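Hi,

Here is the structure I said I'd pass on.

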Amino acid sequence: MDLNLLVALDALLEENSVTAAADRLHLTPPAMSRTLARIRRATGDDILVRAGRSMVPTPRALELRDETRDLVRRATAVLTPVRRLDLARLNRHFTVRGHDALLAALAAPLIARVGATAPNIRLSLLAESVDQPHLTRGQVDLEIGANEPGRPELSCEVVGTDRMVLALRRGHPLAKGRVGVDRLVRMAFVTVSRRGRLHDAVDDALAERGLRRRVIASLPTSAAALDVVSRSDAVAVVAERVCRPASARLGLVTRRLPLELPPTPVVVTWHHRHDSDPAHAWLRGEVRSVLREVTDGAGRPATGPGHRSGSA
């Protein structure tokens, strides 16, 4: 039995592409095609079949995917020596992508902490994008946002939560006095959405009361939305603790919303191939510590393939 076929099968089932799997395993597409042929003979199944210009897994392949992934992960852990991490000599480049407000809160303290203990580490902090293939393709090491991943190959940890508040300029006509629902729906809102959405959880909460608010624009980042708020009578709903420094710099005030909105989680996500990587685990720990200081720290342990409660 050639156990390398398991590694190839894992890559094929994750990428659904012979070319992408070949690139991931540093093989040529013809070599990966020959490996797929061997896998088909070994399993008695086509595994991947052509559907238009792409390839899709067979029902048998879908049954094998999670088990194959777990076998490869465990075999990798067995054959990987335990290394003591020498932070002073560690020479790595890590890429972290996330929501702009979270990166703004994270950047300065994380850079300072990393520089003090691992001076040869380089960090690239990237803005969120609409497409999401970067973690699976190894282009991003950590993703930071508000959503837990729905893909089995991704692990995540909720490191804290934040409360959504109303941000408005200090001289706003409605800045004084209690902000009730009746006053809230008279305000002009800008929303934060990298996809340009004008509807969010605030609208859902108002709809339950039979009410609607007036949304005049959507901005791709919290920073852009808060800048608009500082220059107009528009208001925005933002995360309280994460956006506090930006709100203070712009002279904004924040008020509690007269609506019941659930706390917004702060989620750190990574590909499970990094679960046992000591350097990656160290970076996750630094990111976790900073974000817990920024938020309320009401997190949950890491979850995902290979994780048990309390693991990190």
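Arg24 and Glu15 pair up through their side chains in a salt bridge, at 3.9 Å from N to O. (A salt bridge here is a side-chain nitrogen of Lys or Arg within 4 Å of a carboxyl oxygen of Asp or Glu.) Arg24 is partly exposed at 25% relative accessible area, while Glu15 is buried at 17%. Buried means under 20% relative accessible area, exposed over 50%, and partly exposed in between, with a 1.4 Å probe and protein chains only.

Before you go on: this is a predicted model, where local features need pLDDT of at least 70 and side-chain atom pairs count only at pLDDT 80 or more, while totals for chains, interfaces and linings use all residues. Residues are numbered from 1 along each chain as its sequence is written, and side-chain values use heavy atoms, leaving out hydrogens and water.

How many salt bridges does the structure hold? There are 24. Another one joins Arg113 and Glu286, 2.9 Å from N to O. Arg113 sits in helix H5 and Glu286 in helix H10, so this pair ties together parts 173 residues apart in sequence. (Helices, H or I with at least four residues, and strands, E with at least two, are DSSP runs numbered from the N terminus.) Arg113 is partly exposed at 28%, whereas Glu286 is buried at 14%. Salt bridges with shared partners also link Asp10, Glu14, Glu15, Arg24 and Arg273 into one network.

Asp70 bridges to Arg74, with the closest N and O atoms 3.1 Å apart. Both lie in helix H4 (residues 59–79), four residues apart, or about one turn of the helix.

Cheers
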